[in-house]
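A few exercises follow, each with its solution worked through.

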Number of protein chains: 2
Amino acid sequence: MLTRSIIKYIQSLQHKKFRDEHNSFIAEGLKVVNEFIKDNQFDCKNIYATSEWINLYANNLPLIRGKIIEVKDFELEKIALFSSPNMVLAEFRKKVIKAQINYQHKITLVLDDIQDPGNFGTMIRTADWFGIENIICSGQTVDMYNPKVVQSTMASLGRINIEYIDLAKELKKNSLIKKFAATLNGHKLEDISPLKEGFIIIGNESKGISKALLEMADIKFTIPGYGTAESLNAAVATGIILYSIVRNS
Amino acid sequence: MLTRSIIKYIQSLQHKKFRDEHNSFIAEGLKVVNEFIKDNQFDCKNIYATSEWINLYANNLPLIRGKIIEVKDFELEKIALFSSPNMVLAEFRKKVIKAQINYQHKITLVLDDIQDPGNFGTMIRTADWFGIENIICSGQTVDMYNPKVVQSTMASLGRINIEYIDLAKELKKNSLIKKFAATLNGHKLEDISPLKEGFIIIGNESKGISKALLEMADIKFTIPGYGTAESLNAAVATGIILYSIVRNS
């Protein structure tokens, strides 16, 4: 049974202000919630689940004893942000990044004011696919715990270190690591050899990369287009860039 | 001034049933509406615009005389599906594809049950970037005139021929054209040379490509992953595939 105050509390976590205040965020649905718990990606605070989910999964998942509140389908719909909440919704504790990120011998994704939560989440999922460990973001980048970001990462959220940081300062501090900027008029992407190390800078969906960062770039590159579209979606562009630049061997 | 019946009518066009009945769809915001009109991509039926839009654009756009209904900001918000309607919303006539598509000497995108409107719209925009002319879709693919599809194409919608068709029958009929299927265990994508002709088959977001189409594929390929994500977003995968396979020269 959900009390009115629980419903209000969960709904409040759709807003960054309350996520910050309570150091919490919400994930929805089987896939994301179960993986977060299974891999212990985030510390679980409370689980709101239907009897079906409890029967199927509660015994096989560790560390959730005493945290489950059984809810009816209509109750789950009330607290869910998405139209098909799929059996479960859970509150997790935000993660604290403990150590200074080491950028050496690694590709690091640098996100300069990405605004769309779906784009950001998809970028995190894509980075995880290509084995990227670290993403650093400008302070104006959408919150990584925004429910739409969480959902579109498809559980990759906990497997990547994401840090909000003064990008210009951070890149300056790491002056020995090369900086590659995705622009609309640079070298052809396919002319850049696969990399073992570097910052890959992706700009805001409409304004692109800020002037300060652009001036710090060692190499500007472009994804060649042969049609009439003005630009690519930022998450699609990120996927193409990582495919082209990252190699395992 | 918007009457209650106009508001009801426009809202009804969020649903496929009514779009089909009236042979109409809605586009929102400066970028998409202005490009649709400017390039005469779709026949415009009615424009609901603020005085600001009218002052800025009405005189420079052709074929819209007598079609503009001036609305206040709060009225525009009432009929808009998206949270920031951006000065204008317009009703357009759906397009009829006149001729049989010619698949020779071209790359054609084949979409097997893509469900997410954002993914589908982004695929259309990406196809436009890479100069793809034709997309053929299964009957179960989300409607191309769904408002979220329209919006995420960023005005590429009218520049691509999109046809809903029995895919198995159509691929069978064109037996001389090679079929390439995006799967999770095929040849490495980078081992496939750039193509001048072929069907590129992309499957449903969760179920992948249907058995019937998979059996018709000449070549199955995979985007290599080096991390822990289970899969890539379907639109990101499409972008990577087209980048790798399409060359202009």
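Predicted model: local features only at pLDDT ≥ 70, side-chain atom pairs only at ≥ 80, totals over all residues.

**Exercise 1. Work out how compact chain A is, given its radius of gyration and its length.**

Solution. Start with the inventory: chain A has 10 helices and 10 strands. Then look inside: 42% of the 249 residues of chain A count as buried. Finally, check the contacts in chain A with a separation of 6 or more: 77% of them join residues 24 or more positions apart.

**Exercise 2. Find the domains of chain A and describe the side of domain 1 that touches domain 2.**

Solution. First, the bounds: the domain assignment gives domain 1 as 4–93 and domain 2 as 107–245. Their centres, taken over C-alpha atoms, are 30 Å apart. Now count who takes part in the contact: 16 residues come from domain 1 of chain A and nine residues from domain 2 of chain A. On the domain 1 side, helix 2 (16–22), strand 1 (24–28) and helix 3 (30–38) of chain A each give two or more residues. Sort that side by class and you get eight nonpolar, two polar and six charged residues.

**Exercise 3. Move to chain B: which residues of helix 3 are buried, and what do they pack against?**

Solution. Run along helix 3 (residues 30–38) of chain B and pick out the buried residues: Val32(B), Val33(B), Asn34(B), Phe36(B) and Ile37(B). Then look at their partners in chain B, which are strand 1 (24–28), strand 2 (44–49), helix 4 (51–57), strand 4 (88–93) and helix 7 (147–152). One last stop: just after helix 3 of chain B, Asn40(B) has a positive phi of about 50 degrees.

**Exercise 4. Describe the side of chain B that touches chain A.**

Solution. Begin with the count: 26 residues of chain B are in contact with 26 residues of chain A. Next, ask which elements matter here: helix 6 (117–129) and helix 10 (234–245) of chain B each supply at least two residues. Helix 6 of chain B gives the largest share, six residues. Finish with the classes: this side of chain B has 12 nonpolar, 11 polar and three charged residues.

Notes
Residues numbered from 1 in each chain as written. Chains lettered and ligands numbered in written order. Contact = placed C-beta atoms within 7 Å. Helix = DSSP H or I, 4+ residues; strand = E, 2+ residues; numbered from the N terminus. Nonpolar A, V, L, I, M, F, W, Y, C, P; charged D, E, K, R; others polar. Buried ≥ 20, exposed ≤ 12 C-beta atoms within 10 Å, placed from the backbone. Rg over C-alpha atoms; globule rule 2.2 N^0.38 Å. Domains from an automatic or database assignment.
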